[in-house]
Amino acid sequence: MKLVSRKGTLLSLLFLSSFSAARGFVNTHRYSVIQWRQTLLAVDGSIKDTLSLYSSVTKTTVQIPTPIGIVIEELDSSDTNRGVRITHVKPDGNAASCTTADLCVRDKILAVDGVACSDAPFEVVMDMIRCSTGGNVELTLGRPQGSVIVSWPNGVCVAAQPGEYLGNVGYEGMMQIPYSCRSGSCGTCEQLVSIDNGNERRLRPCFAKIPKGAKSM
């Protein structure tokens, strides 16, 4: 399969074919521009500028055994040099087994094996990961400051923003949450959630939003 990067749009099919599977990428999953934008709804219903999320980031470096099990996409911009972020983490892959919150969906890749790539296009970052030598790939990641780290039982963490619907964050975390009414009235999707490792609440992901002031869930 030949990958073609369309500049200025979100890449919607980024799982690589078998020639790249050895570096940790998996086949056939689609993630649309509409779905991504829905997950960035602010409290007042307006859509945040995706790029502005990365104007101020917290850095972390993680060593991941290969195959790493992530999906990446180029940031949404008319400028070709805007960098790449993580959009999916394979629940049973090596990236999901990292120390909690070391690697999250939505983290921007700033460097691969110590080589900077914060403004590199998709193809360049992909090649850097594929050409990494040894049994591990070192990723330096940038996470938007103010993110709430939502850790799901399948091992996937998502760097969410306050005001987002918890159900949308669960979708990005590849969680299978049961739904019925989708309006918060039936309780089918209700989950017991620990906020900041202490305050437990019962929330309904179809209706509940990521709380302001929280650091982790």
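Student: Which residue stands opposite V84 in β4?

Tutor: Two strands count as paired if DSSP finds at least two bridges between them; strands themselves are DSSP runs of E, at least two residues, numbered from the N terminus. Here, V84 faces I109 in β4, and two bridges link antiparallel strands β3 (residues 84–89) and β4. Keep in mind that this is a predicted model, where local features need pLDDT of at least 70, side-chain atom pairs count only at pLDDT 80 or more, and totals for chains, interfaces and linings use all residues. Residues are numbered from 1 along each chain as its sequence is written, and side-chain values use heavy atoms, with hydrogens and water left out.

Student: Which other strands does β4 run antiparallel to?

Tutor: Strand β6 (residues 136–144) is joined to β4 by four bridges, with K108 partnered by G142.

Student: Is β4 buried or exposed?

Tutor: Buried means under 20% relative accessible area, exposed over 50%, and partly exposed in between (1.4 Å probe, protein chains only). In β4 (residues 108–112), five of the five residues are buried, so the strand is largely enclosed by the rest of the structure.

Student: How many disulfides are there?

Tutor: A disulfide is a pair of cysteine sulfur atoms within 2.5 Å. The count here is zero. For C157, the closest cysteine sulfur is in C104, 4.7 Å away, too far for a bond. C157 is buried at 5% relative accessible area, and C117 is buried at 3%.
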